[in-house]
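Biologist: Before we discuss this protein, could you put the model on the screen, so that we can go through it together?

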Amino acid sequence: DSDSGVAAALAKLDPGQRDVLLLYAWAELSYEQIADSLGIALGTVRSRLSRARTRLRAELSPATRQEAS
């Protein structure tokens, strides 16, 4: 099931990366709003979001899913 795959991939993220990703994707906050709400620098928001996206792509890629089966 794809929802459980996404949930598992999100659970593997560093908490800081997961927080930034969820605030951006689901809460639809801007980078500036995320930085303000978490009390971190704007550059940190950008780097955490980039790393989270890269890790999720890797976790959700077909090759990774086949290895887990």
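Modeller: This is a predicted model, in which local features need pLDDT of at least 70 and side-chain atom pairs count only at pLDDT 80 or more, while totals for chains, interfaces and linings use all residues. Residues are numbered from 1 along each chain as its sequence is written, and side-chain values use heavy atoms, with hydrogens and water left out.

Biologist: Is Gln 17 buried or exposed?

Modeller: Buried means under 20% relative accessible area, exposed means over 50%, and partly exposed lies in between, with a 1.4 Å probe and protein chains only. Because the relative accessible area of Gln 17 is 13%, this residue counts as buried.

Biologist: Which residues does Gln 17 touch, not counting residues up to four places away in sequence?

Modeller: Gln 17 is found in helix H2, residues 15-25, where helices (H or I, at least four residues) and strands (E, at least two) are DSSP runs, numbered from the N terminus. A contact requires heavy atoms within 4.5 Å. With residues up to four places away in sequence set aside, the partners of Gln 17 are Arg 48, Arg 51 and Ala 52.

Biologist: Which residues is Val 20 in contact with, leaving aside its neighbours within four places in sequence?

Modeller: Val 20 is itself a member of the largest nonpolar core. Leaving aside neighbours within four places in sequence, Val 20 is in contact with Ile 34, Leu 38, Ile 40, Val 45, Arg 48 and Leu 49.

Biologist: What separates the C-alpha atoms of Tyr 31 and Gly 43?

Modeller: Tyr 31 lies in helix H3 and is partly exposed, with a relative accessible area of 22%. Apart from residues up to four places away in sequence, Tyr 31 touches Tyr 24, Leu 42, Val 45, Arg 46, Leu 49 and Arg 53. Tyr 31 and Gly 43 are 12 residues apart along the chain, and their C-alpha atoms are separated by 9.1 Å.

Biologist: How many helices are there in the protein?

Modeller: From the N terminus on, the elements run α-α-α-α-α. The protein has zero strands, and its helices number five.

Key: Core = buried A, V, L, I, M, F, W, Y, C linked by side-chain atoms within 4.5 Å.
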